[in-house]
Each structure stands twice: as C-alpha cells, then as structure tokens.
Amino acid sequence: PRVAEVEKRLCAALGVNKAIACANGTDALIIGLQALGVKHGSRVALPNMTFWATYEAIAQLGATPVLIDIDPDDLQMSFSEFTKAYEAYRFDAAILVHLFGWASKHHQDFRKFCAEKNIALLEDGAQCFGVTVDGKPVLAGATVGTTSFYPAKVVGGCVDGGAIFADTEALEKLIRSLCNHGRSAH
C-alpha cells in the first residue's frame, strides 16, 4: 500500500498519468526503453553529455547508442544536431535527458519531431523533479519518463529506487509486467 501511495503522489506532483516504482533509475531506463520497443539492433539517440547509466541502458539491451552533441546555449541535447543525426542514422528511439534541473528550450520540438518520425521518446527526469515548463511539470505529456531516487538526487531514498512514468494504461500494464518478470501479479 505504501508503494501505491508513493506512485499516486508522484502522478500528482509530476503531472503524469501513471507511475510505476522500480528498483533504481537504471532499471527505470532499461524497462522504459523495453516498453517502447527498443531491442537488440535498435538505434537510440542520446546526448553526449549525460550520466553513464543512460548510455549503459541502451548497451545492455543490445541496441546501438547514437551520440548527439549538446546545445552550447542550454547544455541540453542539440535539436538541430538531433534532426541531422536522424537523417544520417534513422534511429528508432531517443532519450531526452533533462540535465541540471531544467529542460531544453526545444523540449516540445523534440516531442513533435519524434511523433512525426515515429521515434520512440523516453524522457529521463532524474535531475528535473519539480521543474516546470510553461507552468506544467516537465514530464507532463511524456509518453514514457523516468526518474531516480538515488540518495544524491533531487528526491532521494534511503538506499535507492526509481520510477517509470507512462501516459497510457496499456503502457503501464506492460511496464508493470516487465518489472515483475513478465507476470501480471504475484
């Protein structure tokens, strides 16, 4: 019941539809990518300046990381480099990392481009808890988002923990199953 209460509070605080607790932020990334269909052979774009868990999650799934330069103005993944890289590498998915407690000035452009090109987008919110964009929590509207409760994070746990956020009930069901070794219940 306490985990369910935390999940409910996360939804309210972050403006997300569904929250699923998991062991840690790295598991959140891996499971979130799996829920989006990333598998061996997929190409996944990510910023070249991020914590190594972002890259590691892609590699652990047997997917190929496609590193994208950052924008020197906001220190987030460069939208122009992202679109150029898509033309060159045709990646299947992307991770938008909200570093340093703020979001890219092109946040909505990333979402729109990914929707138009059918690129699965995961938003890593390990450093943006409580951040708003245009008055809304940064992860509100994300198809799949993640966070970490590592003790050094904005909201930390006693040891570790993580959460995955989903915008639909179908994604929530899939993510809960992935977190539970494919089972729908204990």
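These legends describe close-up views of a predicted model.

The model is predicted, so local features need pLDDT of at least 70 and side-chain atom pairs count only at pLDDT 80 or more, whereas totals for chains, interfaces and linings use all residues. Residues are numbered from 1 along each chain as its sequence is written, and side-chain values use heavy atoms, with hydrogens and water left out.

**View 1**
Asp-71 and Lys-105 form a salt bridge at 3.7 Å, N to O. A salt bridge here is a side-chain nitrogen of Lys or Arg within 4 Å of a carboxyl oxygen of Asp or Glu. The pair links distant parts of the chain, 34 residues apart. Asp-71 sits in the loop between strand E3 (64–68) and helix H4 (79–89). Lys-105 sits in the loop between strand E4 (93–97) and helix H5 (107–117). Helices (H or I, at least four residues) and strands (E, at least two) are DSSP runs, numbered from the N terminus. Asp-73 also forms a salt bridge with Lys-105, with the closest N and O atoms 3.5 Å apart. Asp-73 lies in the loop between E3 and H4 and Lys-105 in the loop between E4 and H5, so this pair ties together parts that are 32 residues apart in sequence. Asp-71 is buried, at 10% relative accessible area. Asp-73 is exposed, at 64%. The cut-offs are under 20% relative accessible area for buried and over 50% for exposed, with partly exposed in between (1.4 Å probe, protein chains only). Across the whole structure, the search finds nine salt bridges.

Side chains of opposite charge can pair when their charged atoms come close. Arg-176 and Glu-172 meet in a salt bridge of 3.2 Å, N to O. The two are four residues apart in helix H6 (residues 169–179), which means a separation of about one helical turn. Arg-176 is partly exposed, with a relative accessible area of 31%. Glu-172 is buried, at 16%. A network of salt bridges links Glu-7, Lys-18, Glu-172 and Arg-176. Leaving aside neighbours within four places in sequence, Glu-172 is in contact with Lys-18, Ile-20 and Ala-166. Contact means heavy atoms within 4.5 Å.

E2 (residues 43–47) is mostly covered, with four of its five residues buried. E2 and E3 run parallel and are joined by five bridges. Pairing requires that DSSP find at least two bridges between the strands. Leu-46 stands opposite Leu-67 in E3. E2 also pairs with E4 in the parallel sense, over two bridges. There, Val-44 has Ala-93 as its bridge partner. E2, helix H3 (residues 52–60) and E3 make a right-handed β-α-β unit. Right-handed means that, with the strands pointing away from the viewer, the path from the first strand over the helix to the second runs clockwise.

**View 1. Helix H2 and its ends.**
Eight of the eleven residues of H2 (residues 25–35) are buried, so the helix is largely enclosed by the rest of the structure. Among the buried residues are Gly-25, Ala-28, Leu-29 and Ile-30. Asn-24 caps the N-terminal end: a side-chain oxygen lies 3.1 Å from the backbone nitrogen of Thr-26. Gly-37 follows H2 and has a positive phi, near 95°.

His-107, Phe-110, Arg-111, Phe-113 and Cys-114 are the buried residues of H5. They cover an arc of only 170° around the axis, so they lie on the same side of H5. The arc is that of the directions from the helix axis to the C-beta atoms. These buried residues pack against H4, E4, strand E5 (120–124) and strand E6 (132–133). On the other side of H5, Lys-112, Ala-115 and Glu-116 are exposed. Asn-118 follows H5, with a positive phi near 60°.

**View 2. Thr-147 and its surroundings.**
Thr-147 is found in strand E8 (residues 144–148). Thr-147 is buried, with a relative accessible area of 3%. A polar atom of its side chain lies 3.3 Å from the backbone oxygen of Gly-125. Apart from neighbours within four places in sequence, Thr-147 is in contact with residues including Gly-25, Ala-28, Gly-162 and Phe-165.

Conventions:
A polar contact is a pair of N or O atoms within 3.5 Å; within protein, one must be able to donate a hydrogen and the other to accept it, and residues adjacent in sequence count only if both atoms are side-chain atoms.
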